[in-house]
Amino acid sequence: MAAMKKLVVGNWKMHGSRSVNAELLQGLLAADLSTSAPRADVAVCPPFVYLADAVAALQGGAIAVGSQDVSVQAQGAFTGEVAGPMLRELGVRYTIVGHSERRTYHAESDQLVADKARAALSHGLVPIVCVGETLAEREADQTEAVVGRQLQAVIDTLGADLVRVVVAYEPVWAIGTGKTASPEQAQAVHAFLRARLTAAQADAARVPLLYGGSVKPDNAAELFSQADIDGGLIGGASLKAADFAAIARAA
Ligand code: PGA
């Protein structure tokens, strides 16, 4: 998969304000990523309320916009939810589904996450499906069982559309903790995910596999050089234009 263009996605989580975001996006535009990071496709995922601002600020440029979640429903009486067609209408391209913070704080099940991926695809969005084990699960040697189970729901639910997703491996113990998985640890799980995808469907070998969890400018290049790491999902470091641009250039 090494020849494929990398995908570098910023997950802003619940951070920012109109003025802070404007400055961050200006910084990213000034970094001229299509020239300085030609081997990376880049996207940012602000909170819902800022998506329209981000799309407007990035109009016509190389940086795409994604949301951090999407409803399984297309419309209706679902207070607080945001539907795929609404995101599409704004010009949003990606949506993160099944981030560990949503699985943990909103009790999202493997099946709900898979259903969100299916909803995203049906409305023209590219789902970035997150999988990952907790520290306790890793220590109990359950990493492959956990990420395998999370991925299986997506495989079973999407059928032939499996080839259209992006998968992000984010070990929960590495998110926001400063503890990055070593390139070898990350590569091992990515190779496992690649094998599972390919066993389900030969074409799914080309599903981009992102690594997430404390990716920083100083560890990005080594992570991205692994055979089955096709890019990154970046939290904290995506809030600083210089750091996020450096990570994109590391691709
Ligand atoms: P982090 O977050 O880069 O701050 O560890 C990654 C994520 O949760 O997507």
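Reader: Is Ser214 buried or exposed?

Author: Ser214 is buried, because its relative accessible area is 8%. Buried means under 20% relative accessible area, exposed means over 50%, and partly exposed falls in between (1.4 Å probe, protein chains only). This is a predicted model, in which local features need pLDDT of at least 70 and side-chain atom pairs count only at 80 or more, while totals for chains, interfaces and linings use all residues. Residues are numbered from 1 along each chain as its sequence is written, and side-chain values use heavy atoms, leaving out hydrogens and water.

Reader: Where in the fold is Ser214?

Author: Elements come first. Helices (H or I, at least four residues) and strands (E, at least two) are DSSP runs, numbered from the N terminus. Ser214 belongs to the loop between β7 (209–212) and α10 (217–224). Its phi is near 55°, a positive value in a residue other than glycine.

Reader: What is the phi of Ala107, and where does this residue lie?

Author: Ala107 has a phi near 50°, again positive in a residue other than glycine. It lies in the loop between α5 (100–105) and α6 (110–122). Ala107 counts as exposed because its relative accessible area is 63%.

Reader: Which residues come nearest to the ligand?

Author: Here, near means that a heavy atom of the residue lies within 4 Å of the molecule or strand. There are 13 residues around the ligand, and Lys13, His99, Glu170, Gly176 and Ser214 come nearest.

Reader: How many residues of each class does the shell have?

Author: Know the classes first. Ala, Val, Leu, Ile, Met, Phe, Trp, Tyr, Cys and Pro count as nonpolar; Asp, Glu, Lys and Arg as charged; the others, Gly among them, as polar. The shell has 7 polar, 4 nonpolar and 2 charged residues.

Reader: Which N or O atoms lie 2.7 Å, 2.6 Å and 2.8 Å from an oxygen atom of the ligand?

Author: A polar contact is a pair of N or O atoms within 3.5 Å; within protein, one must be able to donate a hydrogen and the other to accept it, and residues adjacent in sequence count only if both atoms are side-chain atoms. Glu170 has a side-chain N or O atom 2.7 Å from a ligand oxygen. Gly176 places a backbone N or O atom at 2.6 Å from a ligand oxygen. For Gly236, a backbone N or O atom is at 2.8 Å. The protein covers 97% of the 280 Å² of accessible area that the ligand has on its own (areas by the Shrake-Rupley method with a 1.4 Å probe; for residues, only the protein chains shown count as cover).

Reader: Where is Ser71, and what does its side chain reach?

Author: Ser71 is in the loop between β3 (63–67) and α4 (84–90). Its side chain reaches the backbone nitrogen of Gln73 at 2.9 Å. Ser71 is buried, because its relative accessibility is 3%.

Reader: What separates Pro183 from Val42?

Author: They are 141 residues apart along the chain, and 21 Å separates their C-alpha atoms. Pro183 is in helix α9 (residues 183–200). It is buried, with a relative accessible area of 12%.
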